[in-house]
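Q: I would like to learn how to read the features of a protein model, one at a time. Could you walk me through this one?

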Amino acid sequence: MVKGRQGERVRLYVRGTVLGYKRSKSNQYENTSLIQVEGVNTKEDVAWYCGKRLAYIYKAKVKKNGSHYRCIWGKVTRPHGNSGIVRAKFKTNLPPRSMNRNPVVFAFFVIDEEEADNTSPKGARKKLALAL
């Protein structure tokens, strides 16, 4: 961290909501989730988010690796329609209880030369959990 930092803190994430899975009239494709990002209302706004990483953070009963919080990592793949919804693929499919219930946190990490050793997803997860 930079010592003697002045000014207001910068938030490195944007909240979103899981709307459901990609689907057709009779089929549902659980490997692609639909997510509404806060403050994004057009297809053009989505272009900036394409390729960005996101994390679905949830709380579990059993402690694992010293924490009750767990994380499923994903990536924004493309827009869905014209109203600012994005399609995202996660490492493992999102559970059905994630819909309309828990927020998704889009994480944009700034990597300093000093923090190069903390660039793993585990190190990022710790930073993100502290930010929440």
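This is a predicted model: local features need pLDDT of at least 70, side-chain atom pairs count only at pLDDT 80 or more; totals for chains, interfaces and linings use all residues.

Q: Is S98 buried or exposed?
A: The general idea is a cut-off: buried means under 20% relative accessible area. S98 has 1% relative accessibility, so S98 counts as buried. Its side chain also has a polar atom 2.7 Å from the backbone oxygen of P95.

Q: What about S33: which residues is it in contact with, leaving aside neighbours within four places in sequence?
A: That list holds G20, Y21, V86, R87, A88, F90 and L94. S33 belongs to strand β2, and its relative accessibility of 1% makes it buried as well.

Q: Two residues in that list are nonpolar side chains I would expect to see inside. How should I read a nonpolar core?
A: In soluble globular proteins, nonpolar side chains tend to be buried together. Here the largest nonpolar core has 15 residues, and those with the most contacts inside it are I35, V37, L54, V86, F90 and L94. At least two residues of this core come from each of β1 (13-23), β2 (28-37), β3 (53-64), β4 (67-80) and β5 (85-90). The largest share, three residues, is supplied by β5.

Q: Now the strands. How many bridges join β1 to β2?
A: Seven bridges join them, and the two strands run antiparallel.

Q: How does the side chain of K22 lie relative to the ring of Y29?
A: K22 lies over the face of Y29, at 5.3 Å from the ring centre. A second case is K52, which lies over the face of W48 at 4.2 Å from the ring centre.

Q: And how many bridges join β3 to β4?
A: Eight bridges join β3 to β4, again in an antiparallel arrangement. Within this pair of strands, R53 has K75 of β4 as its bridge partner. The hairpin of β3 and β4 has two residues between the strands.

Q: Next, aromatic rings. What describes a pair of them?
A: A pair of aromatic rings is described by the distance of the centres and the angle of the planes. For this model the count comes to two aromatic pairs. W48 and Y49 form an edge-to-face pair, 5.2 Å centre to centre with 90° between the planes. Y56 and Y58 form a stacked pair, 5.6 Å centre to centre with 25° between the planes.

Q: Why is the Y56 and Y58 pair called stacked?
A: Planes under 30 degrees apart count as stacked, and the angle for Y56 and Y58 is 25°.

Q: Last one: which residues is T42 in contact with, leaving aside its neighbours within four places in sequence?
A: T42 is in contact with N82, S83 and G84. The C-alpha atoms of T42 and G84 are separated by 4.4 Å, although the two residues are 42 residues apart along the chain. T42 lies in the loop between β2 and α1 (43-46) and is partly exposed, at 30% relative accessibility. Its side chain also makes a polar contact of 3.1 Å with the side chain of D45.

Key
Residues are numbered from 1 along each chain as its sequence is written. Side-chain values use heavy atoms; hydrogens and water are left out. Rings of Phe, Tyr and Trp (its six-membered ring) pair if their centres lie within 6.5 Å; planes under 30 degrees apart count as stacked, over 60 as edge-to-face and the rest as tilted. A charge sits over a ring if NZ of Lys or CZ of Arg is within 6 Å of the ring centre and within 35 degrees of the ring normal. A nonpolar core is a set of buried Ala, Val, Leu, Ile, Met, Phe, Trp, Tyr and Cys residues joined through side-chain atoms within 4.5 Å. Buried means under 20% relative accessible area, exposed over 50%, partly exposed in between (1.4 Å probe, protein chains only). Helices (H or I, at least four residues) and strands (E, at least two) are DSSP runs, numbered from the N terminus. A polar contact is a pair of N or O atoms within 3.5 Å; within protein, one must be able to donate a hydrogen and the other to accept it, and residues adjacent in sequence count only if both atoms are side-chain atoms. Contact means heavy atoms within 4.5 Å. Two strands pair if DSSP finds at least two bridges between them.
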